[in-house]
There are 2 protein chains.
Amino acid sequence: MTGTKLIGKSTWEFQNDVRVLSSAATVGPMEGEGLLRESFDKIYPDLYAGEETWEKAERKMLEDAVSLAIEKAGLTPEQIDFYLAGDLLNQNISASFSAKTNQIPFLGVYGACSTSMLSLALAAVLVDGGYARHVIAGVSSHNCTAEKQYRYPTEYGGQKPETAQWTVTGAGACLLGRSGDGPVVRYATVGKVTDLGVKNPMDMGSAMAPAAAQTIQAHFADTGRSPEDYDLIVTGDLAKVGLPIARELLKNAGFEMGEHFADCGLMIYTQKQETFAGGSGCACSAVVTYGHLLREMMRNKWKRILVVATGALLSTVSYQQGEAIPCIAHAVAFEMEEGKEGKA
Amino acid sequence: MTGTKLIGKSTWEFQNDVRVLSSAATVGPMEGEGLLRESFDKIYPDLYAGEETWEKAERKMLEDAVSLAIEKAGLTPEQIDFYLAGDLLNQNISASFSAKTNQIPFLGVYGACSTSMLSLALAAVLVDGGYARHVIAGVSSHNCTAEKQYRYPTEYGGQKPETAQWTVTGAGACLLGRSGDGPVVRYATVGKVTDLGVKNPMDMGSAMAPAAAQTIQAHFADTGRSPEDYDLIVTGDLAKVGLPIARELLKNAGFEMGEHFADCGLMIYTQKQETFAGGSGCACSAVVTYGHLLREMMRNKWKRILVVATGALLSTVSYQQGEAIPCIAHAVAFEMEEGKEGKA
C-alpha cells in the first residue's frame, strides 16, 4: 500500500500537520469548584444550565462547547466541514440534537467515555487525509442524566461503594485543521474491546484498566515509543481504583510508567469533593484534555502527551443479562513543536 | 488543500480503487420468507438464533455476518485492520460485544438506521486514505429488541397504525479493500441533522423523508450528478409513507426521481407479510444492500447505485420530553466498472 498511514497494527500516523486550532470546555457547578476551575471556558451556576431538563442541559453544554471552540478559532459553523460527536445517553441524543442546532454535517460515534479520543482520532484522519479542512469533535456527559439512565433515579439517594466514580457534568470540543501554532496531533491508536470478567458497574476502574493497559502497549509496539518519550500519559477515567491496576499491568508487560502517568478522573475534583474513586464520563477526559492539558501544552509545560480515553461499553440490559463489562481505550498523541508557543 | 477528497460541501470522492471485497447478510425467519430470501447468507429458524435472549441473538447475527464476510473474502479476522459497527440498542451493545468476540480494533458509530452507510463511508475513508488495508463495516437490528426498547414489551401486543414500520431482524457486513473485481465505492455524502417537526415515533417515514431528500440533493450538488446518472437510488427505510414524500420534496427541488427510485423497506417483505408501512432498522438497508444490491451489481444488473440510509435519532427520553424526531441520511455511491463481473 502506497502512502500508508497505518503503522504497526492499529496506530495512525498523521504526517500532514494536523493541528488543534482551538478547544473549549464547559462544566457544571461542582467541576467549577474543582482543581481545574481556572481552565474552563464556561461554568454553569446549576445543573439545569437554564434548561427545563437535565438532558437538555447536557445538550446545551455540548452546544456551547462547540460554539465556543469555533468562535475561538475565528471561524463560523459554516466553515466547519464535519462534526463528530457522541455521549453516554441512549441513542446519543446530546450529540444528535446538538448537530441539529449547529447544522454541520454530522458523524455520530459511540465509545462510552472513550468517545472523546474516538471522535478526535477520526477527526484527525479526515483532516490529515484531505477529507476535510476543519473538523470539530465533541462529547458531553451529565451527572444526573447518567445516574438516572444507568443506575437509579437520583431522588432515591442510593448509596455507593468507594469504587464507584462520579460522572463529570460538562462538555468538551476540539477543532482540528492545518494551520496555526497549536499542538500537533501525531498519532492515534485504536483499541480492541477487552473484558477480564469484571461485572460490577460500581467498579468501572477495575473493568477499564486492562483496556487502557492494552492500548498503551499497542501504542508503544506500533510507534516504537516508550513511557520516557512522553512528558505525560493520562488515562481517561480509571480513577483511584483503576490507575494502579493499569500501572501494574503495564509493569508486568515491561513498562515502568513512572511519575508522569496520571488519570483525568483524579485531576478534576478536590480531595474534599466527595466523588468516591474520582471522575468519569465522556466529559471527564474531554474537559481535562481540552480545557487544561492542551492549554498547558501551548504554554510549553509539556512537549508530548498521550491521552488514553477509556470506555465501559455496558448497558443496563447487558448488565441485567449477566454479562461482564466490555471495555475499550483509544489513545491520541499530541505534540508541541520546538520553539513554538500557541495562544492558550 | 492539496490532494483534497472533499468535493462540494459534504461529499468524499474516493479515487484509490476502494472496493467491496465481500459482503454478507444474516436474517431472522420472517425476512427469510420475504422477497429477498434467496439473497441472504444465513436464515435463522427462530428469533433466538440459538441464544438465551433476543439481545444475544442480535449480537450473534452480527457476529455471523462479520465472520461470513471475512471468510468469503478468503481472509481471517487478524487481517482486518478495523471494525466499524453500530446498532439500535442502548450503548450500541450488539456492536461492542461483537467487537469483543472478533477482537478487531473497533470504532463504534451511531446513526440509528443510517448507521449502515455511516460505518461504510468511514470505512471507505480509512481504506482510501491509506489508514487501513481491510476494514469491515457492520450493523444489526432485531425486531424484538427494538420493540422492547423503543415501544412496549412485545408481550403487550400493542396495536400500531399503518404508518408504523417493522424493524428488520438481521445483520449485514461489508468488507472493503483495494483488490478484486467487486463494486467500487466512489462517493459518500455525509448528512446534516434535520427535523421538520414530526413527533410521532409511529411515523418514522414522514420524519426521515426530508433528511433523505436533503442528502440526495447535497449529493447531486456536490458531485454534479443527477438522477439519470444512477441505475438505482434507494433510500434506507422510508417505506410506503416516507418514499412518496421524499419523491415530492425532490421534485419540488427540481429533481424527477423517476422509476429507479426505491426504498429498502419496501424491497424486503412480501405484500402478504403484515409489516405496516414496510421494513426499518439498521439491518433493513444493510441486508438489502449487502445481501441483494451489491450481488446484483456483480451480476451486472446495475452499473451505478446510490444507497441513502436514513436514521431517526430519537430516544424514548427525547420523545417523552416532547422533542421532535431529528433525522439524518448518509449516502454511498457504488459503481461496477465496464466489462467487469465480480463473484456474486
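**Helix packing and cysteines in a predicted model**

Helices α1(A) and α2(A) lie oblique to each other, since their angle is neither under 35 degrees (roughly parallel), over 145 (roughly antiparallel) nor 65 to 115 (roughly perpendicular). This is a predicted model, in which local features need pLDDT of at least 70 and side-chain atom pairs count only at pLDDT 80 or more, while totals for chains, interfaces and linings use all residues. Residues are numbered from 1 along each chain as its sequence is written, chains are lettered from A, and side-chain values use heavy atoms, without hydrogens and water.

**Helix pair in chain A**

- Helix α1 (residues 54-72) and helix α2 (residues 93-102) of chain A pack at about 50°, and their axes are 9 Å apart.
- Helices here are DSSP runs (H or I, at least four residues).
- The crossing of α1(A) past α2(A) is right-handed, meaning that the near helix is turned clockwise from the far one by less than a right angle.
- On α1(A), the contact (heavy atoms within 4.5 Å) uses A:Glu58, A:Arg59, A:Leu62, A:Glu63 and A:Val66.
- On α2(A), A:Ser94, A:Ala95, A:Phe97, A:Ser98, A:Thr101 and A:Asn102 take part.
- By type, these contact residues are 4 nonpolar, 4 polar and 3 charged.

**Cysteines in chain B**

- The whole structure has 0 disulfides over all chains, counting pairs of cysteine sulfur atoms within 2.5 Å.
- B:Cys174 has its closest cysteine sulfur in B:Cys264, 13 Å away, so the gap is too far for a bond.
- B:Cys174 is also buried, at 0% relative accessibility (buried means under 20% relative accessible area, with a 1.4 Å probe and protein chains only).
- For B:Cys264, the closest cysteine sulfur is in B:Cys284, at 5.6 Å, again too far for a bond.
- B:Cys264 is buried, with 0% relative accessible area.

Methods
Axes fitted to C-alpha atoms, helices over the stretch in contact; angles between N-to-C directions. Helix = DSSP H or I, 4+ residues; strand = E, 2+ residues; numbered from the N terminus. Nonpolar A, V, L, I, M, F, W, Y, C, P; charged D, E, K, R; others polar. Buried < 20%, exposed > 50% of the residue type's maximum accessible area, 1.4 Å probe, protein only.
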